[in-house]
Amino acid sequence: MATEGEYESVLCVKPDVNVYRIPPRASNRGVRAADWKLDAPDWTGRMRVTARGKVAYVKLEDKISGELFAQAPVEEYPGIAVETVSDSSRYFVLRIQDDSGRSAFIGIGFGDRGDSFDFNVALQDHFKWVKQDDEISKQAPDSTPKLDLGFKEGQTITLNIGQSKKRDKSRPQSSGGFGLLPPPPGGKLAPPPSSRSNNHNIQPPAGGSDTGCLLDLDSSNSNSVAPSNTNATASSDLWGDFDSVSPK
């Protein structure tokens, strides 16, 4: 049965329906509408088919006031609550119930064949949905353990953002795509190219040590082209000054 709090939806409404008293069923054979007094219905009104949860309700109501005449709870279809007759598609056997649980069987019929078709389809669609819902609920839940990626209480995480950029900046960068050359043997760097081309114009500083200047010239001249006559004269004068300086 429906549980309290579920909303009621309307499946079908038909403005004209006839209600008949039917004789007791003598055997298990199918019910025939021809055994009813079809030309003298016992009650005429409207019919509303509603659903609350998985249970459908066939309600017979007054056309004007809407007062409930009788209702039939339907838990399955086809079933004992709603049965078709064997000799017509416009008539059905309905089991009605009151609030105390007492039940009785009555016959209902539609003047139009389309109304009976709509009534039949409304019940079929509802219980088709009930069947699908039951199949989904019977499926076993996923037994795979779920991966918990959440932080536990008191757990922290440290992010080192920008550390890789600092390592990149610490690397020396060379201009022109050439790396740094190792120092020459002996631990002394050669003078720049500009000084090599003009080394014959360098004069020893006044009052300074001639030895350091001559050593620089000697190391630079070892890698240069043979000087001209003028350069040779200047070189001999420098060596002459070197010879005149004698240790004491």
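1. Which residue is the bridge partner of valine 49 in S3? The partner is valine 58. Strand S2 (residues 43–52) and strand S3 (residues 55–61) run antiparallel and are joined by 7 bridges; strands count as paired if DSSP finds at least two bridges between them.

2. A word on the basis: this is a predicted model, in which local features need pLDDT of at least 70 and side-chain atom pairs count only at pLDDT 80 or more, while totals for chains, interfaces and linings use all residues. Residues are numbered from 1 along each chain as its sequence is written, and side-chain values use heavy atoms, with hydrogens and water left out.

3. The protein chain has 5 helices and 7 strands, in the order β-β-β-β-β-β-β-α-α-α-α-α from the N terminus. Both kinds of element are DSSP runs numbered from the N terminus: helices are H or I with at least four residues, strands E with at least two.

4. The 7 strands make an open antiparallel sheet, ordered S4-S3-S2-S1-S7-S6-S5. At its edges are strand S4 (68–74) and strand S5 (82–84), each pairing on one side only. H1 lies across S1, S2, S3, S4, S5, S6 and S7, and runs at about 135° to S1 (axes are lines fitted to C-alpha atoms, for helices over the stretch in contact, meaning heavy atoms within 4.5 Å; angles run from 0 to 180 degrees between N-to-C directions).

5. I would look next at the salt bridges (a side-chain nitrogen of Lys or Arg within 4 Å of a carboxyl oxygen of Asp or Glu), which number 10. Lysine 63 pairs with aspartate 16, with the closest N and O atoms 2.4 Å apart. Because lysine 63 sits in the loop between S3 and S4 and aspartate 16 in strand S1, the pair ties together parts 47 residues apart in sequence.

6. Aspartate 133 and lysine 54 also meet in a salt bridge, at 3.8 Å from N to O. This pair links helix H1 to the loop between S2 and S3, 79 residues apart. Aspartate 133 is partly exposed at 31% relative accessible area, and lysine 54 is partly exposed at 36% (buried is under 20%, exposed over 50%, partly exposed in between, with a 1.4 Å probe and protein chains only).

7. Finally, phenylalanine 151 lies in the loop between helix H1 (113–138) and helix H2 (163–170). With 57% relative accessibility, phenylalanine 151 counts as exposed.
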